[in-house]
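Please look through the model shown here with the notes below beside it.

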Amino acid sequence: MSEPLTAYQRKQKYNDERYAVTLRSCANPKRRKRLEANPEKWLRWYKADNYPQPFSDFHRKVIKSTIRAMRDGAGTVIAGPRGFGKTTLLGDMAQFGAFTGLCKFPVVIGWKHSASKQMLRGWLNDMAENDRLAADYPEITQPFERSVQAKLIRSLYWHDSGFPCGADIRQTENFIVLPTGGAMASTSIKASVRGLRIESGGKWVRPDVALLDDPQDKATAESAEMTKKVLDTVNGDILSLAGPTRRIALMAAVTVIASGDVASGLLERRDIEAIRTGQILTWPVGFNDAGESRKLWDEGNELRLAGVQEQDA
(Lines give C-alpha, C1' and ligand atoms only; values in the text may rest on other atoms or scores of the structure.)
Protein backbone atom coordinates (compact mmCIF):
# COMPACT_ATOMS: atom_id res chain seq x y z
CA MET A 1 0.00 0.00 0.00
CA SER A 2 1.47 3.33 -1.06
CA GLU A 3 2.14 6.09 1.40
CA PRO A 4 -0.38 8.97 1.38
CA LEU A 5 0.78 12.13 -0.32
CA THR A 6 2.11 14.94 1.79
CA ALA A 7 0.52 18.39 1.58
CA TYR A 8 3.42 19.54 -0.60
CA GLN A 9 3.04 16.56 -2.94
CA ARG A 10 -0.70 17.11 -3.23
CA LYS A 11 -0.11 20.74 -4.14
CA GLN A 12 2.55 19.77 -6.67
CA LYS A 13 0.22 17.20 -8.23
CA TYR A 14 -2.55 19.81 -8.47
CA ASN A 15 -0.20 22.32 -10.07
CA ASP A 16 1.05 19.75 -12.58
CA GLU A 17 -2.48 18.80 -13.59
CA ARG A 18 -3.67 22.40 -13.87
CA TYR A 19 -0.64 24.35 -15.02
CA ALA A 20 1.97 21.99 -16.50
CA VAL A 21 2.00 21.66 -20.30
CA THR A 22 3.76 18.65 -21.79
CA LEU A 23 5.02 19.82 -25.16
CA ARG A 24 3.99 17.58 -28.03
CA SER A 25 6.21 16.91 -31.03
CA CYS A 26 5.22 18.22 -34.43
CA ALA A 27 2.88 15.62 -35.93
CA ASN A 28 4.41 15.81 -39.40
CA PRO A 29 7.67 17.79 -39.71
CA LYS A 30 8.01 16.95 -43.42
CA ARG A 31 4.54 18.31 -44.18
CA ARG A 32 5.23 21.45 -42.16
CA LYS A 33 8.51 22.10 -43.97
CA ARG A 34 6.98 21.39 -47.37
CA LEU A 35 4.01 23.71 -46.82
CA GLU A 36 6.14 26.51 -45.34
CA ALA A 37 8.04 26.53 -48.64
CA ASN A 38 4.77 27.15 -50.50
CA PRO A 39 2.58 29.80 -48.80
CA GLU A 40 -0.33 29.14 -51.14
CA LYS A 41 -0.47 25.49 -50.10
CA TRP A 42 0.11 26.48 -46.46
CA LEU A 43 -3.02 28.63 -46.57
CA ARG A 44 -5.06 25.96 -48.34
CA TRP A 45 -4.11 23.38 -45.68
CA TYR A 46 -3.92 25.26 -42.36
CA LYS A 47 -6.58 27.88 -43.22
CA ALA A 48 -8.76 25.69 -45.40
CA ASP A 49 -12.08 27.13 -44.23
CA ASN A 50 -11.11 30.55 -45.60
CA TYR A 51 -10.20 29.27 -49.06
CA PRO A 52 -12.71 26.73 -50.40
CA GLN A 53 -11.96 27.83 -53.99
CA PRO A 54 -8.63 27.84 -55.88
CA PHE A 55 -6.64 31.07 -55.76
CA SER A 56 -6.87 33.50 -58.68
CA ASP A 57 -3.87 35.22 -60.26
CA PHE A 58 -4.75 38.28 -58.16
CA HIS A 59 -4.52 36.29 -54.92
CA ARG A 60 -1.21 34.78 -56.00
CA LYS A 61 0.20 38.26 -56.66
CA VAL A 62 -0.90 39.33 -53.18
CA ILE A 63 0.75 36.28 -51.57
CA LYS A 64 4.06 36.90 -53.34
CA SER A 65 3.96 40.60 -52.54
CA THR A 66 3.36 40.04 -48.82
CA ILE A 67 6.22 37.56 -48.67
CA ARG A 68 8.54 40.19 -50.18
CA ALA A 69 7.22 42.79 -47.75
CA MET A 70 7.85 40.64 -44.67
CA ARG A 71 11.20 39.38 -45.91
CA ASP A 72 12.64 42.73 -47.04
CA GLY A 73 10.72 45.23 -44.89
CA ALA A 74 9.08 46.63 -48.00
CA GLY A 75 5.44 47.63 -48.44
CA THR A 76 2.45 46.42 -50.41
CA VAL A 77 -0.97 47.99 -50.95
CA ILE A 78 -3.85 45.86 -52.19
CA ALA A 79 -6.72 47.76 -53.81
CA GLY A 80 -9.99 46.12 -54.72
CA PRO A 81 -13.71 46.19 -54.05
CA ARG A 82 -15.02 45.38 -50.59
CA GLY A 83 -15.86 41.72 -50.14
CA PHE A 84 -12.95 40.57 -52.31
CA GLY A 85 -11.13 38.88 -49.43
CA LYS A 86 -8.22 41.35 -49.25
CA THR A 87 -8.24 41.68 -45.48
CA THR A 88 -8.65 37.95 -44.86
CA LEU A 89 -5.73 37.11 -47.13
CA LEU A 90 -3.43 39.75 -45.63
CA GLY A 91 -4.35 38.66 -42.10
CA ASP A 92 -3.67 35.03 -42.89
CA MET A 93 -0.35 35.92 -44.50
CA ALA A 94 0.63 37.84 -41.35
CA GLN A 95 -0.25 34.72 -39.37
CA PHE A 96 1.84 32.64 -41.79
CA GLY A 97 4.75 34.99 -41.10
CA ALA A 98 4.34 34.76 -37.32
CA PHE A 99 4.15 30.95 -37.36
CA THR A 100 7.03 30.39 -39.75
CA GLY A 101 9.41 33.00 -38.34
CA LEU A 102 9.16 35.37 -41.29
CA CYS A 103 7.93 38.05 -38.91
CA LYS A 104 7.83 38.36 -35.13
CA PHE A 105 5.16 40.90 -34.24
CA PRO A 106 2.32 41.72 -36.67
CA VAL A 107 -0.15 44.41 -35.64
CA VAL A 108 -3.47 44.98 -37.42
CA ILE A 109 -4.55 48.62 -37.61
CA GLY A 110 -8.10 49.36 -38.75
CA TRP A 111 -10.29 52.39 -39.11
CA LYS A 112 -12.55 50.97 -36.41
CA HIS A 113 -10.89 49.20 -33.53
CA SER A 114 -13.74 46.67 -33.46
CA ALA A 115 -12.71 45.36 -36.88
CA SER A 116 -9.06 45.06 -35.83
CA LYS A 117 -10.03 43.25 -32.63
CA GLN A 118 -12.08 40.82 -34.71
CA MET A 119 -8.97 39.75 -36.61
CA LEU A 120 -7.01 39.44 -33.35
CA ARG A 121 -9.76 37.23 -31.94
CA GLY A 122 -9.60 35.16 -35.11
CA TRP A 123 -5.87 34.59 -34.59
CA LEU A 124 -6.50 33.63 -30.97
CA ASN A 125 -9.30 31.22 -31.89
CA ASP A 126 -7.04 29.63 -34.48
CA MET A 127 -4.37 28.92 -31.88
CA ALA A 128 -6.97 27.50 -29.50
CA GLU A 129 -9.12 25.48 -31.90
CA ASN A 130 -7.45 24.88 -35.29
CA ASP A 131 -6.59 21.17 -35.25
CA ARG A 132 -4.22 21.35 -38.21
CA LEU A 133 -2.17 24.18 -36.72
CA ALA A 134 -2.20 22.35 -33.36
CA ALA A 135 -0.81 19.21 -35.00
CA ASP A 136 2.17 20.86 -36.66
CA TYR A 137 2.83 23.95 -34.47
CA PRO A 138 2.35 22.70 -30.89
CA GLU A 139 5.11 24.95 -29.55
CA ILE A 140 2.85 27.92 -30.40
CA THR A 141 -0.67 26.59 -29.91
CA GLN A 142 -0.50 24.35 -26.82
CA PRO A 143 -0.83 27.03 -24.12
CA PHE A 144 -3.83 28.52 -25.95
CA GLU A 145 -5.38 25.07 -26.35
CA ARG A 146 -5.26 24.78 -22.56
CA SER A 147 -6.91 28.14 -21.91
CA VAL A 148 -7.70 31.53 -23.38
CA GLN A 149 -8.18 33.05 -19.94
CA ALA A 150 -5.41 35.55 -19.26
CA LYS A 151 -4.89 34.69 -15.59
CA LEU A 152 -4.59 30.96 -16.20
CA ILE A 153 -2.45 31.14 -19.31
CA ARG A 154 0.15 33.28 -17.52
CA SER A 155 0.52 30.50 -14.93
CA LEU A 156 1.25 27.72 -17.43
CA TYR A 157 4.72 26.19 -17.53
CA TRP A 158 6.47 23.54 -19.62
CA HIS A 159 6.44 20.25 -17.76
CA ASP A 160 9.90 19.10 -18.87
CA SER A 161 11.79 22.28 -17.93
CA GLY A 162 9.57 23.95 -15.37
CA PHE A 163 9.99 27.26 -17.21
CA PRO A 164 6.95 29.46 -17.92
CA CYS A 165 5.36 28.87 -21.32
CA GLY A 166 5.59 32.60 -21.98
CA ALA A 167 2.13 32.91 -23.54
CA ASP A 168 -0.08 35.79 -22.50
CA ILE A 169 -3.34 37.47 -23.44
CA ARG A 170 -3.58 41.14 -22.56
CA GLN A 171 -7.15 41.99 -23.43
CA THR A 172 -7.10 45.59 -22.23
CA GLU A 173 -4.04 46.28 -24.39
CA ASN A 174 -5.23 44.03 -27.25
CA PHE A 175 -2.04 41.92 -27.25
CA ILE A 176 -1.40 38.22 -27.64
CA VAL A 177 2.10 37.16 -26.57
CA LEU A 178 3.32 33.94 -28.19
CA PRO A 179 5.35 31.25 -26.42
CA THR A 180 8.03 31.68 -29.09
CA GLY A 181 8.73 35.26 -27.97
CA GLY A 182 6.70 37.07 -30.61
CA ALA A 183 3.34 38.76 -30.37
CA MET A 184 0.20 39.82 -32.22
CA ALA A 185 -1.78 42.99 -31.57
CA SER A 186 -4.63 45.16 -32.80
CA THR A 187 -5.35 48.88 -32.63
CA SER A 188 -7.11 51.69 -34.49
CA ILE A 189 -5.52 54.25 -36.76
CA LYS A 190 -7.36 56.86 -34.70
CA ALA A 191 -5.66 55.67 -31.50
CA SER A 192 -2.15 56.49 -30.38
CA VAL A 193 0.15 53.90 -31.98
CA ARG A 194 3.46 55.65 -31.39
CA GLY A 195 5.85 53.60 -29.24
CA LEU A 196 3.83 50.37 -29.47
CA ARG A 197 5.88 47.49 -28.00
CA ILE A 198 5.67 44.55 -25.61
CA GLU A 199 8.03 42.89 -23.17
CA SER A 200 8.61 39.21 -23.85
CA GLY A 201 11.27 37.05 -22.24
CA GLY A 202 12.92 40.08 -20.66
CA LYS A 203 13.28 41.86 -24.01
CA TRP A 204 11.30 44.63 -25.66
CA VAL A 205 9.74 43.58 -28.96
CA ARG A 206 8.46 46.11 -31.50
CA PRO A 207 6.06 45.42 -34.40
CA ASP A 208 7.72 44.42 -37.65
CA VAL A 209 4.55 44.09 -39.73
CA ALA A 210 1.73 46.66 -39.87
CA LEU A 211 -1.45 45.40 -41.45
CA LEU A 212 -3.49 48.46 -42.41
CA ASP A 213 -7.15 47.56 -42.98
CA ASP A 214 -9.34 50.03 -44.95
CA PRO A 215 -7.92 53.12 -43.16
CA GLN A 216 -10.74 55.53 -44.02
CA ASP A 217 -14.48 56.03 -44.15
CA LYS A 218 -16.51 57.97 -46.74
CA ALA A 219 -16.31 61.26 -44.85
CA THR A 220 -12.52 61.01 -44.58
CA ALA A 221 -12.14 60.07 -48.24
CA GLU A 222 -14.07 63.16 -49.31
CA SER A 223 -12.12 65.54 -47.04
CA ALA A 224 -8.65 66.69 -48.10
CA GLU A 225 -7.86 67.78 -44.54
CA MET A 226 -8.90 64.48 -42.95
CA THR A 227 -7.12 62.50 -45.67
CA LYS A 228 -3.89 64.40 -44.99
CA LYS A 229 -4.23 63.72 -41.26
CA VAL A 230 -4.53 59.96 -41.83
CA LEU A 231 -1.62 59.86 -44.29
CA ASP A 232 0.50 61.86 -41.82
CA THR A 233 -0.29 59.21 -39.18
CA VAL A 234 0.79 56.46 -41.57
CA ASN A 235 4.00 58.24 -42.55
CA GLY A 236 4.91 59.54 -39.11
CA ASP A 237 3.67 56.96 -36.61
CA ILE A 238 2.91 53.66 -38.31
CA LEU A 239 5.98 53.47 -40.55
CA SER A 240 8.21 54.13 -37.52
CA LEU A 241 6.68 51.42 -35.31
CA ALA A 242 9.65 49.10 -35.80
CA GLY A 243 11.99 51.64 -34.26
CA PRO A 244 14.55 54.13 -35.55
CA THR A 245 16.90 51.58 -37.12
CA ARG A 246 14.45 49.24 -38.84
CA ARG A 247 11.84 49.55 -41.58
CA ILE A 248 8.43 48.06 -40.85
CA ALA A 249 6.68 45.93 -43.48
CA LEU A 250 3.47 47.75 -44.39
CA MET A 251 0.67 45.57 -45.79
CA ALA A 252 -2.47 47.57 -46.59
CA ALA A 253 -5.90 46.54 -47.85
CA VAL A 254 -7.68 49.55 -49.32
CA THR A 255 -10.73 50.54 -51.35
CA VAL A 256 -10.58 53.73 -53.40
CA ILE A 257 -13.64 55.84 -52.53
CA ALA A 258 -12.73 59.23 -54.01
CA SER A 259 -9.96 60.79 -56.05
CA GLY A 260 -7.06 61.81 -53.83
CA ASP A 261 -8.28 59.83 -50.80
CA VAL A 262 -6.18 57.82 -48.34
CA ALA A 263 -6.21 54.75 -50.57
CA SER A 264 -5.01 56.80 -53.55
CA GLY A 265 -2.25 58.34 -51.47
CA LEU A 266 -0.94 54.93 -50.47
CA LEU A 267 -1.24 53.50 -53.99
CA GLU A 268 0.75 56.39 -55.44
CA ARG A 269 3.76 55.93 -53.15
CA ARG A 270 6.79 54.95 -55.21
CA ASP A 271 8.30 52.89 -52.37
CA ILE A 272 5.26 50.61 -52.03
CA GLU A 273 4.18 47.86 -54.41
CA ALA A 274 0.60 48.50 -55.54
CA ILE A 275 -1.69 45.68 -56.65
CA ARG A 276 -5.11 46.56 -58.03
CA THR A 277 -8.08 44.56 -59.19
CA GLY A 278 -11.55 45.50 -60.33
CA GLN A 279 -14.88 43.93 -59.51
CA ILE A 280 -15.26 42.72 -63.11
CA LEU A 281 -12.21 41.53 -64.99
CA THR A 282 -13.88 40.54 -68.29
CA TRP A 283 -17.43 40.91 -69.56
CA PRO A 284 -19.33 37.84 -70.80
CA VAL A 285 -19.17 36.96 -74.49
CA GLY A 286 -22.00 38.71 -76.30
CA PHE A 287 -22.65 41.12 -73.44
CA ASN A 288 -23.01 44.11 -75.77
CA ASP A 289 -25.18 42.27 -78.28
CA ALA A 290 -28.34 42.18 -76.12
CA GLY A 291 -28.17 38.39 -76.28
CA GLU A 292 -28.85 35.66 -73.73
CA SER A 293 -25.77 36.45 -71.61
CA ARG A 294 -26.85 40.10 -71.29
CA LYS A 295 -30.38 39.03 -70.33
CA LEU A 296 -29.06 36.72 -67.59
CA TRP A 297 -26.69 39.44 -66.37
CA ASP A 298 -29.52 41.98 -66.09
CA GLU A 299 -31.72 39.51 -64.23
CA GLY A 300 -28.91 38.73 -61.80
CA ASN A 301 -28.18 42.42 -61.27
CA GLU A 302 -31.84 43.11 -60.47
CA LEU A 303 -31.71 40.42 -57.80
CA ARG A 304 -28.49 41.94 -56.41
CA LEU A 305 -29.99 45.43 -56.23
CA ALA A 306 -33.11 44.10 -54.56
CA GLY A 307 -30.93 42.37 -51.99
CA VAL A 308 -29.01 45.60 -51.31
CA GLN A 309 -32.27 47.48 -50.71
CA GLU A 310 -33.51 44.76 -48.38
CA GLN A 311 -30.08 44.57 -46.64
CA ASP A 312 -29.79 40.93 -47.60
CA ALA A 313 -26.28 39.83 -46.63
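1. In α5, residues T87, G91, A94, Q95 and F99 meet M119, W123, D126 and M127 of α6, where contact means heavy atoms within 4.5 Å. By class, this contact holds 5 nonpolar, 3 polar and 1 charged residues (Ala, Val, Leu, Ile, Met, Phe, Trp, Tyr, Cys and Pro count as nonpolar, Asp, Glu, Lys and Arg as charged, and the others, Gly among them, as polar).

2. The model is predicted, so local features need pLDDT of at least 70 and side-chain atom pairs count only at pLDDT 80 or more, while totals for chains, interfaces and linings use all residues. Residues are numbered from 1 along each chain as its sequence is written, and side-chain values use heavy atoms, with hydrogens and water left out.

3. Helix α5 (residues 86-100) packs against helix α6 (residues 113-129) at an angle of about 50 degrees, and their axes are 11 Å apart. That angle makes α5 oblique to α6, since angles under 35 degrees count as roughly parallel, over 145 as roughly antiparallel, 65 to 115 as roughly perpendicular and the rest as oblique.

4. The largest pocket holds about 590 Å³ of space (a pocket is an open set of points on a 1 Å grid where a 1.4 Å probe fits, with protein on both sides within 12 Å along at least five of seven lines, and lining residues have an atom within 4 Å of a point). Of the 30 residues that line the largest pocket, T87, T88, Q118, M119 and D213 are the closest to its centre. Helix α6 gives the most to this lining, with 9 residues.

How values were computed: Axes are lines fitted to C-alpha atoms, for helices over the stretch in contact, and angles run from 0 to 180 degrees between N-to-C directions. Helices (H or I, at least four residues) and strands (E, at least two) are DSSP runs, numbered from the N terminus. Grid points are joined across faces, edges and corners, and a volume is the space filled by probe spheres set on the points.
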